[in-house]
Amino acid sequence: MAQTETQVGDELATLAADAKALHLIEFWKERMEIELPEPRGLVKPFLWHWDDIEPRLRHAARIVPVEDCERRALLFSNPGLGGRPFMSTTLLGAYSLYNAGEVAPVHRHTPCASRFVLEGKGGYTVIEGEKCRLERGDLVITPNGTWHDHGNEGPDELIWVDILDVPLVEGLNATMFEFDYSEADPRSNSGDPVPTQYQTISEPEDHSNRLYANGGMKPLFVDRQRGSGNHSPMLVYRWKAMREAFDKMRDYEGSPYDGIIMEYCDPTNGNPVMPTMSFRAQMLRPGEQTRTHRHMSSTIYVVLEGEGWTEVDGERLEWGRNDVFVVPTWKWHAHANARKDGDAVLYSVTDEPVLRTLGLYREQTRTDDGAILPVAA
Ligand SMILES: [Fe+2]
Ligand SMILES: [Fe+2]
């Protein structure tokens, strides 16, 4: 005999109560939360204006001692992420400032980190015994598991943009920070490691660039493995080299979506410098405007030169020197250099390597008459 609607309702209610007690959820009730037609649009396209932030950052440098925080930074909080200190679901970023003479003690962690320098001539990072001196536009990486400390030996403030894969690592529940660094003390007879706040410099001046910044050639007499993990043995990338490359390539057509775009790579194999983040720089020539595309990866941009705009899902983000902005995953976007008399140059960080490794990367373009076409990935 067929069950009545009331009987079925009672049985479903019993099932719901049992499921709750057993820590189960009925899929048929949550299906729409799981089977999404496209990625969630939680992360908002957003731009942080340097003009708004610079006075606050300099003020913080006067009233917040670096000793209290180890790293003095203002973290970017995407307005779509409920006040969490993340730019996207995979990337964390900040403007950091170190006053003349300040130092930040050594530590290491499972998230990968990067710094892109905006100001100051005396900044440095020490990674696994290599002291990398930094100037505006230089990129320095501190890959997963490498000990690193920072400092500013110059007369002026050091300002850089940090980008880390913290939310991604946090999502994998794989975050670990370590602060207890020790190394053998040459003044000790025993040779036993002793705790210390800063690494001894063990590599020669400009080690990374001497060995690896020679395009098309790699040294065969050194072990490419540095520290733990799977990352580039070259730890600092000079802006001077990137700018010279742009000038050599300016007459090429370039990418229809990004102009003259270059990826920083592991010079021994051409891979992104770290497995979770790809670092890039792109030049938009005077008046250049790119075509619209979207892809399954999130990108953080820092404006190094010029001014222009990036349109993201119909919203125009107008940018200028030192501004930072985010283009979330799967949002239609195009860039433009607003100036007719100079280049615009953007530095960017993307989680694309993760998406590609996992087979999740997709890219599409949209024609002028609205047709959506796949772009070969
Ligand atoms: Fe760190
Ligand atoms: Fe893009």
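Predicted model: local features only at pLDDT ≥ 70, side-chain atom pairs only at ≥ 80, totals over all residues.

Trainee: Then which residue in β9 is the bridge partner of A104?

Mentor: Start with the strands: β4 (residues 103–109) and β9 pair in the antiparallel sense over three bridges. A104 belongs to that pairing, and its bridge partner in β9 is H150.

Trainee: And over how many bridges does β6 pair with β9?

Mentor: Y124 and G151 are bridge partners, the latter in β9. The β6 strand (residues 123–127) runs antiparallel to β9, and the number of bridges is five.

Trainee: Is β9 mostly covered or mostly open?

Mentor: Look at residues 148–152, which make up β9. Four of the five are buried, so by the cut-off of 20 or more other C-beta atoms within 10 Å, the strand is mostly covered.

Trainee: Which strands stand at the edges of the six-stranded open sheet?

Mentor: The order is β1-β21-β18-β23-β16-β15, with antiparallel pairing. An edge strand has a single partner, so one side of it is left without a neighbour in the sheet. That describes β1 (46–48) and β15 (260–263).

Trainee: Which helix packs on that sheet?

Mentor: Its contacts are with β15 and β16, and its direction makes about 140° with that of β15. It spans residues 239–249 and is helix α7.

Definitions and conventions:
Residues numbered from 1 in each chain as written. Chains lettered and ligands numbered in written order. Pairing = 2+ DSSP bridges. Helix = DSSP H or I, 4+ residues; strand = E, 2+ residues; numbered from the N terminus. Contact = placed C-beta atoms within 7 Å. Axes fitted to C-alpha atoms, helices over the stretch in contact; angles between N-to-C directions. Buried ≥ 20, exposed ≤ 12 C-beta atoms within 10 Å, placed from the backbone.
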